[in-house]
Amino acid sequence: RKVRAAGATFVSGNPNAEVGRVAAGNPEAQIYVKLTNDYYLAIYECTQKQFLSVFGSNPSEFNKGDESLWGQRPVENVMYTYANADRKTNYKHRLRDSDSWPNANDVVAAHTFDDPDSFIAKFRAHSGLGVFLDLPTHAQWEFACRAGTTSALYTGEELSSADLTAQHPELDGIARYYYNAGAATAATTDETGLVGTARVGSYEPNAWGFYDMYGNVAEQCLDYYASHVANTPEAPYVDPQGPEASTWGNKGVAAYNQHILAGGSWNLDSANLSCRS
């Protein structure tokens with residue numbers, strides 16, 4: 001679906017008082033962002049059947065039962081790329097073949113890929129469109145998720161508490177999350193769709209028609225996690241792409257040199273409440 005973003009300015013991040021906000025390192029500090037181009041985004045998360053048809057294999061754990069169910073569940077157990085040579089050998093289900101986006105080659109050559117075996121490279125060839133399909137930047141993801149809203153959720157609501165292991169009426173209709181996914185007892189042998197991941201599009205979309213922006217499976221963005229300097233509406237970050245390496249977090253912890261995961265997932269049970277815009 002086309003996102004009409006050319007010339008749009010919005011506030012990325014969250015106010016200090018937002019329930020569920022991550023305070024450590026201030027990764028959710030509000031900044032002004034301007035987008036200069038329209039772009040397209042899939043209205044559903046990539047399904048297992050779609051991934052299988054492009055990649056040739058399916059890494060998902062929730063792949064049991066009839067294809068009418070698992071084929072419509074989102075693909076999971078896919079990593080951004082491999083971190084070293086061993087990963088390249090042992091973990092084939094990767095989205096991209098370059099871990100250093102954006103770098104000079106990617107930007108100048110419109111995201112050129114050296115390795116044709118990543119999902120995105122295969123997807124470009126499979127589509128036959130001749131355009132450079134890729135993951136969204138975090139700014140593109142957040143702009144599409146918010147759909148013009150400034151609240152924690154695209155419905156205009158805030159989270160009622162900071163405990164996602166309890167029921168959240170404000171999430172029940174729009175997201176597959178810990179409470180309504182049976183996450184405490186979920187088994188990957190599920191053949192019902194009642195625990196774990198749900199069929200894509202099972203919950204209400206946002207105002208622009210995008211489904212599962214919260215919950216179900218977390219969504220990969222191109223950018224690394226990074227700190228940003230506060231700015232003003234008069235001097236927004238224009239089409240931010242993030243750094244070539246993460247500048248947020250400490251070496252040895254998960255957030256360091258990790259690309260942004262957006263939207264939260266079905267089994268999220270921590271204080272880091274990612275089922276927010």
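Buried, as used in these legends, means under 20% relative accessible area. The model shown is predicted.

**Figure 1. Overall architecture of the protein chain.** The secondary structure amounts to 7 helices and 7 strands. Along the sequence these elements are arranged as β-β-β-β-α-α-α-α-α-α-α-β-β-β. The chain has 277 residues, of which 46% count as buried. Among contacts with a separation of 6 or more, 63% are made by residues 24 or more positions apart.

Figure 2. Helix H6 spans residues 138–146 and is largely enclosed by the rest of the structure, because 7 of its 9 residues are buried. The buried positions are Ala139, Trp141, Glu142, Phe143, Ala144, Cys145 and Arg146. Their cover includes strands S1 (2–3), S2 (8–12), S3 (31–35) and S4 (39–40). Strands S5 (219–224) and S7 (259–262) also contribute to the cover of these residues. After H6 comes alanine 147, which has a positive phi near 50 degrees.

Figure 3. Glutamate 142 and arginine 146 form a salt bridge in which the closest N and O atoms are 2.8 Å apart. The two residues both belong to helix H6 and are separated by 4 residues, about one turn of the helix. Glutamate 142 and arginine 146 are both buried. In general, side chains of opposite charge can pair when their charged atoms come close.

**Figure 4. Glutamate 28 and arginine 276.** A salt bridge joins the side chains of glutamate 28 and arginine 276, with an N to O distance of 2.9 Å. Glutamate 28 is located in the loop between S2 and S3, whereas arginine 276 is in the segment after S7, so the pair ties together parts that are 248 residues apart in sequence. Glutamate 28 and arginine 276 are both buried. These two residues are also linked with Glu18 in a network of salt bridges. The count of salt bridges in the model comes to 8.

**Figure 5. Arginine 73 and aspartate 190.** Arginine 73 is paired with aspartate 190 in a salt bridge, and their closest N and O atoms lie 3.0 Å apart. Arginine 73 is found in the loop between helix H2 (67–70) and helix H3 (85–90), and aspartate 190 in the loop between helix H7 (169–172) and S5, so this pair ties together parts that are 117 residues apart in sequence. Arginine 73 counts as buried because its relative accessibility is 0%. Aspartate 190, at 9% relative accessibility, likewise counts as buried.

Figure 6. Glutamine 48 is part of helix H1, which covers residues 48–55. Its relative accessibility is 0%, and glutamine 48 therefore counts as buried.

Note on methods:
Residues numbered from 1 in each chain as written. Predicted model: local features only at pLDDT ≥ 70, side-chain atom pairs only at ≥ 80, totals over all residues. Heavy atoms only, no water. Buried < 20%, exposed > 50% of the residue type's maximum accessible area, 1.4 Å probe, protein only. Contact = heavy atoms within 4.5 Å. Salt bridge = Lys/Arg side-chain N within 4 Å of Asp/Glu carboxyl O.
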